[in-house]
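Please keep the sequence and the structure in view while reading.

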Amino acid sequence: MTRSHDARVAYGTVLALAVLYVTGAVLGWGSPSASGWVSAWATVAAGGAAAGSLIGASLHAEGGTRRSALRYLGLAAASWALGSFVHAITENGLSRAAAALSFADLFWLAAVPLFAIGAIRLAPLPRGLRARLRHGADTYIATAAVFSVSWALAFAPLYEASGESPFDFFLELIHPVADVALLLALVPLVLWAPRGSRLMAFTAVAALGSIACSDVLFTVLRLSGTAPERAGVEQLGELVGYLLLSVLPLLGRGAAPAAPRRLTGRGLYRFGSEIVAGTAVAGAALILTAYALLRDVTVQPVVALAAGSAALVTIVRVYGLIQEITSLRLAVDAGDRHFRALAEGTGDVVLIVDFDGRVRYASPGAPEKYGYGEAEILGRSIEPILHPEDLPQVRAALKALGRGGDRAVHLSVRVLAADGTWRHTESTLSRYHRPGGDVPQGLLVASRDISDQVALQQQVDHLTFHDGLTGLSNRSYFEERTREVLARGPADNMAVLFLDLDGFTAVNDSAGHGSGDYLLAQAARRLRATVQVGDTTSRWGGDEFAVLVERRGEAEAVVDLAERLVRVVSSEPFRVAGRDIALTASVGIAFAEEGVDASELLRNADLAMARAKDAGGDRVELFAAHMHADVVRRLELQSDLQRALAERQFAIEYQPVVELATSRVTGVEALVRWWRGSVLISPDEFIGPAEESGLIVPLGAWVLQESCKQVATWREQAWDISLSVNLSARQISAPRFVETVAEALEGSGLPASALTLEVTEEVLVEDGAEAVDRLRALRELGVRLAIDDFGTGYASLAYLRQLPVDIIKIDPSFTAGLGEDDTVMLLTRTIVRLGQDLGLVVVAEGIERPEQLDLLREMGCARGQGYLVARPMGVPRVESMVRTDVDRRGRPGLHLEDEPGRTPASAG
């Protein structure tokens, strides 16, 4: 059975007994004594049921306070029920005048302190000794006043008619006086009880009031001598009280009692009201006592003492209240002074405004901070000086706080200064209470000017998203803007353009970084003037710029813009450090497509720009899907290259270089080959990625070491042959490049004069002085130098003068035109004669047809190589050719025209 069910059973029991009481006592079953007997035992049973309900509920109640309250109230109900039980079996139907204080009265009196303890658990006493003394004094005043009035109106005639001694008569009044005194003590506590237990406390006090009325009625009836005739009627109040007590377990379930409220200004007002009421009651008591004296009604000394002491205590309480009010007024005045001192001392603007926004108080100097006079602020609404965009939030805050919101509201508001500028402020609005007061007097506004901080933050934001050198937006802003534009949805012909200044690195190297920065600023101004308003121009980084074309239009318009950007860069030179510098630009274009996000769009534009630079610059390239595929393939190839280098998947083939007059092999050129499993990868596919990734350095070092060892081995076999190895720009610029060559020679035993290192003219032009210095160091070691692909570069003759070159190799493009193009024949003849005049060995590359070989011999070209002469071959085949020549001629060396099954005309 649940706890609530137990309480309902008890409540139903008490209600049934009340019905029994009404039936037996009011309708009068049988004789008066019989009806009194029925009502008396019904009262006993009702008290027992209420006591059982309260004590049973206390065993399962949640919270110590509720449990204790129910327990003590149950014990009080049980004590009242025991008193009724004793009275029913000993004195029912008899006059109580026989004994001033019966045994039953002892149980009834014991119930009073038990009930007081339980009720105080629900409605606690005020905190502090002084507050409790005040409460006790108020209770005494009220009790004495009620006693005095009751004596004058009712008990004085009964006392005169009783003939009892004053002591015995006052013993008769102890029980009802105790009930009334407790009732008067608890009523103020119920008004201030915690919200969670207020209903229970009110119900308990109502039950006490009903029982007290029953006791007063019973006492009056007994003293008047009418109790035997109407026995049971006075017990109606007890039944009602027990009925209310039995309901208590059903009330306030799950509600945790809150802490008592502290004494504030409103509390003092209520206590003052109690004092005034007590004074009125005491005054009425004095008036009625005087009236009784004038009518010659006997007034006992105890009554006069009660009335007089109540008046005296009232005077003391009024005096104390006056002192408290005075202290409160002083506290309010001190609080106002402290508030004004704080408002004057703080750097913030402090206002007190009405709930409609009208200013009632402004801290000293506050209006002047914004250039206003005090008369322009006080008494006026604050709305005219607030920014229109901020008014809605201000009005909402005023409305919320006016409705009773207790939490402070923080707002960022712009305020109009007298000079017409908008000042940024941070403001806090809260309800304003005077010290000790509960009723808000308006709103307290504390406002701080943060205009300087806002300006600084705006500057930081600008620097965060703008380039300090050019004033253009930076990469972060460009990326964010691209994401925002793409997030709006598909845009027709929205495009991203990447632009790179061709040859800008040389400007930094020659004129310095300061001059380079100045040139970048000029280029940025040209680009910004060319791009239309509404499009975004940014500096991407270094010498790269980016343009976001947001407008709708034809794709041709975007291409036209890209071409104008190229022209505006190259149309006239940049004036830097007193000299003119001509630059060109490479532009890549990528259009927005379905399913392409911002990062992919930017990557595509970058790839297109890189393709434009690879094609020679000064041009525009549109992104195509294969560009990304090419980049991915190159990245994968670089990864495979690294693995191949670690797993020794590379091999070296040697292409013979012959003396054209005699067809004798004078040397070999080492060529690297990559076998990925059983598949041969063309050098054109992996040399470029190896150069980009830097793997060409360790790969070139390995080729140099292995080929030196192999040629040194052949030379030990009396084969007089030299070695040629190609060098890339990355190898020459690598740290310890000269040392690496020296270590390869020393480790293999190959003479330095037998090693020829080949470099292209392009390497000499791009790397300049550094490359020349390192090659000169190699020449000092005894290594021979050759210029490969001679005739295709920009400064061939100049580097022939700077470097002690031994060999020049005619580019295959010249050899291919022999016999077909007279101009090519003339140029080739000139190169051969130039080499002869300079004392250099001339080697023709790419000999593939017999007529080419004949013409080169006729021109006097010393050496040659190509598929007609001999293809690249592995070590076993080279050694086989050597052994064949030794077997046939009895001397080392290879003569191609004597090779079995080969003639110069059919070699290939």
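Asp 618 counts as partly exposed because its relative accessibility is 40%; buried means under 20% relative accessible area, exposed over 50%, and partly exposed in between, with a 1.4 Å probe and protein chains only. The model is predicted, so local features need pLDDT of at least 70 and side-chain atom pairs count only at pLDDT 80 or more, while totals for chains, interfaces and linings use all residues. Residues are numbered from 1 along each chain as its sequence is written, and side-chain values use heavy atoms, with hydrogens and water left out.

Asp 618 sits in the loop between helix H19 (598–614) and strand S12 (619–622). Its phi is near 55°, a positive value in a residue other than glycine. Ala 718 also has a positive phi, near 70°, and is not glycine either. The loop that holds Ala 718 runs between helix H22 (696–716) and strand S16 (722–726). With a relative accessible area of 54%, Ala 718 is exposed.

For the chain as a whole, 46% of the 908 residues are buried. Its secondary structure comes to 30 helices and 21 strands, where helices (H or I, at least four residues) and strands (E, at least two) are DSSP runs numbered from the N terminus. Of the contacts with a separation of 6 or more, 68% are between residues 24 or more positions apart; contact means heavy atoms within 4.5 Å.

Helix H3 (residues 64–90) and helix H4 (residues 103–122) have axes that come within 8 Å and cross at roughly 165°. Axes are lines fitted to C-alpha atoms, for helices over the stretch in contact, and angles run from 0 to 180 degrees between N-to-C directions. The crossing angle therefore makes H3 roughly antiparallel to H4, a term for angles over 145 degrees. The residues of this contact divide into 19 nonpolar, seven polar and one charged. Here Ala, Val, Leu, Ile, Met, Phe, Trp, Tyr, Cys and Pro count as nonpolar, Asp, Glu, Lys and Arg as charged, and the others, Gly among them, as polar.

Next comes an open sheet of five strands in the order S2-S1-S5-S4-S3, with antiparallel pairing; two strands pair if DSSP finds at least two bridges between them. Strand S2 (359–362) and strand S3 (409–416) are the edge strands, each pairing on one side only. Neighbouring strands are turned by 30° against each other on average, direction ignored. Strand S1 (residues 349–353) is joined to S2 by three bridges, and Ile 352 has Tyr 361 as its bridge partner in S2. Helix H13 (residues 391–402) packs on the sheet, touching S3, strand S4 (422–432) and strand S5 (442–449). The direction of H13 makes about 140° with that of S3.

Notes
Angles under 35 degrees count as roughly parallel, over 145 as roughly antiparallel, 65 to 115 as roughly perpendicular and the rest as oblique.
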